[in-house]
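Student: I'd like to learn how to read charged side chains in a model. Can we go through some together?

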2 protein chains.
Amino acid sequence: MDFISKRSKYAVNPLREDDGIARKLRSEGKNVISLNIGDPPRYFPTPKYMIDAFVEALKEGHTGYGQADGVLELREAVAVHYNRAYGSKMTENDVIITQGISEALMFINSALMNPGEYGVLFRPYYVQYISNLKLFGGNAIMCNYDEKNNWNVDTDDLETAIKKMKAAGKINKIKYLLLTNPNNPTGTVLERGILEKIVDIANNYGLFVISDEIYDEIIYNGARFTSVAEIAKGIPHAILNGASKNFDATGFRLGYMMIPEKDEKSVTLRNKLAEYAAVRLSSNVPAQYAMAKALGNAEAHSAAIAHMKTEIEDRVNHAVKLLGKNPYLRTIRPNGAFYIFSHIDLEALGFSTDKELTDTLLNEEYVQLVRGSGFGMPSYIRIVSLAPKDILDTAINKLNSFCERHAKKRG
Amino acid sequence: MDFISKRSKYAVNPLREDDGIARKLRSEGKNVISLNIGDPPRYFPTPKYMIDAFVEALKEGHTGYGQADGVLELREAVAVHYNRAYGSKMTENDVIITQGISEALMFINSALMNPGEYGVLFRPYYVQYISNLKLFGGNAIMCNYDEKNNWNVDTDDLETAIKKMKAAGKINKIKYLLLTNPNNPTGTVLERGILEKIVDIANNYGLFVISDEIYDEIIYNGARFTSVAEIAKGIPHAILNGASKNFDATGFRLGYMMIPEKDEKSVTLRNKLAEYAAVRLSSNVPAQYAMAKALGNAEAHSAAIAHMKTEIEDRVNHAVKLLGKNPYLRTIRPNGAFYIFSHIDLEALGFSTDKELTDTLLNEEYVQLVRGSGFGMPSYIRIVSLAPKDILDTAINKLNSFCERHAKKRG
């Protein structure tokens, strides 16, 4: 009898699996460049208005437990923020505050998944979607972001998969369809028409839509973002967002779920999620009051996000150009978030798996990336392009010469 | 087919189930006294050295993700703090930081419980123990804190229950034995001899011991606290603690797990818990740096905890005296934490359940307590005795006259 539970095999995070090796190399004096984690504050100090708001919250004594599903001030501010951006009509009652989207995903899967039930995911998927789904006994119906179509969703493929479930009498076993927009790891902003088609399909088959919009304000290269809040009117859905990326405060662990509709599924889920929140009593309280204040400071936020966006656009495009010099890579230019997801020719480089490649790269060149199989796609690598251009230069040049060397070695 | 999962029926928290009613009454202008949540900052402002440490952490820019299982500085400080207090020899590698003990309980149960396996709990238990155990498919082997023995653990009863499991060939299905010391809801500090006996039993049957010691510094009425760290030498165990109670900072959501031994169970569990931590990326980072600094300030902490302890002793003893005037209650005086758990004669008062009583009390007298059944013992009530004496006076006088009135009504 094993001491550790069977489900625990799904408690893994490919984004962080090499952190131990990186720490060891650093302790040996190696200059490791870690491009594995999408952590804006590492390169863009969290803006002063955010820090000031946090200090004020602490000094005002907001240090005890708060309402389990979030303090009123923040839930109100989140509703106002989304309504202003997307013309939705949410109220504070539609919002639940969580300790990052990480906790939201855990609660949602625990609240919905019985063993053997399904969530619709799109590959490449964000790593936590699959671990949380499987930890609670769920299975993925795996659809595709299509590289040939600039990583937009292949809606025919989606409809076929759903139809098949319907024909098998299993449509009610699908608990949700989970989108990331802009996407992680590809940086794709979904085209409005495609998003509308997805929502139509969800509506036709009665699927609950979850839209993870954590990068919704980091859009560039001329793209235009559409929120599910703008087009899902009347269809049961949840929107996930938070302070981490747009507000440059990953370490605050502050996420929010919005479930605005009043249909039976939405209401039942929202009430149940509030009970999950109550089980853990409260999320971080001074961070919540800080964020409520920060959301009220639209002017300071606009300036901060505008600066960060311009910088990110420049860094991502620079990195894409450098990666383009590498004949063993194939890269679609992103237009949102700050990730680049490149196909890599493992065979030409003499590696049998992407993990072997990323581990070897880390040990030989001290560059830490994430293997594509972590996102459901072996033969790819994810590069976080938040660092200044000189660091990106060093890292990508190392990657490129690493590839040359191994291709040559293989002959 | 239900939209909500079957396990979700366990996602409930009796401590907070009446929060909605209390909010509604307040919105109607009623002066509700809530004695349902053990939230020290509500009555003891979080000490200035804690706030200062937090502000400093923010100003130093600790706002990005941290190491998944906790920032090094805090893990080191926690080990030093415990070693100093209890003569243990922990290192930073034995410590994992979580978002409160709430998150630690979730991770532990997810990491250990397969459906149909067991945890040994003691009744009355802290509410989250049972919800987390059941959410992950576990069952409780329910032993007892014995009211006749001043709420100490009945070790004969414990040994009988374990023996029965052994005889049935199910001993390996017991994943842990979980103690709370000092106890919530009874405020009992376990006698050293009894704790040693429990550890002996665990050792004889190969059980992993978990000791929740979140109130270890709030000891009074002449009691002496013994940590499992002092007496479990060599036996696989985990200790849970955190900033919430001793450091008067519930809203920081900062817990720590210590798993110091090097046996196979301990090592496997510690590694797996670090992976669970990685799935959610990081816990609140500025709070961790703040706590690392605060733990280094032993002098300021000693002064703060000494003040709080003296006040709590006074308030608890005052409340016990007032409750003693109520002929429908039976109360053992606590000597740790700040909870009072009183037996209440439901029949004499004409209530069929403790929930009916606490709900009626809230609606008629605007006093919010928690029903004993939330802790596994109907016919009891839990009273949080953190408020100043004048508030406790008002609340308990209301409770007492409520009981008189209902006893009379019943006739």
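Student: Which residue forms a salt bridge with A:Glu230?

Tutor: The general idea is that side chains of opposite charge can pair when their charged atoms come close. In this predicted model, A:Glu230 pairs with A:Arg192, and their closest N and O atoms are 3.6 Å apart. The two sit in distant parts of the chain, 38 residues apart: A:Glu230 in helix 8 and A:Arg192 in helix 7 of chain A.

Student: Is A:Glu230 buried or exposed?

Tutor: A:Glu230 is buried, because its relative accessible area is 17% and the cut-off for buried is under 20%. A:Arg192, at 35%, counts as partly exposed.

Student: What does A:Asp94 pair with?

Tutor: A:Asp94 forms a salt bridge with A:Lys262, at 2.8 Å between the closest N and O atoms. A:Asp94 is in the loop between helix 3 and strand 2 of chain A, and A:Lys262 is in the loop between strand 9 and helix 9, so the pair ties together parts 168 residues apart in sequence. A:Asp94 is buried at 3%, whereas A:Lys262 is exposed at 57%.

Student: And what about chain B, where do B:Lys389 and B:Asp314 lie?

Tutor: Those side chains meet in a salt bridge, 2.8 Å from N to O. B:Lys389 lies in helix 14 and B:Asp314 in helix 11 of chain B, so this pair ties together parts 75 residues apart in sequence.

Student: How many salt bridges are there over all chains?

Tutor: The count comes to 45. Some residues are linked in a network, among them A:Glu17, A:Lys355 and A:Arg371.

Terms used:
Residues numbered from 1 in each chain as written. Chains lettered and ligands numbered in written order. Predicted model: local features only at pLDDT ≥ 70, side-chain atom pairs only at ≥ 80, totals over all residues. Heavy atoms only, no water. Salt bridge = Lys/Arg side-chain N within 4 Å of Asp/Glu carboxyl O. Helix = DSSP H or I, 4+ residues; strand = E, 2+ residues; numbered from the N terminus. Buried < 20%, exposed > 50% of the residue type's maximum accessible area, 1.4 Å probe, protein only.
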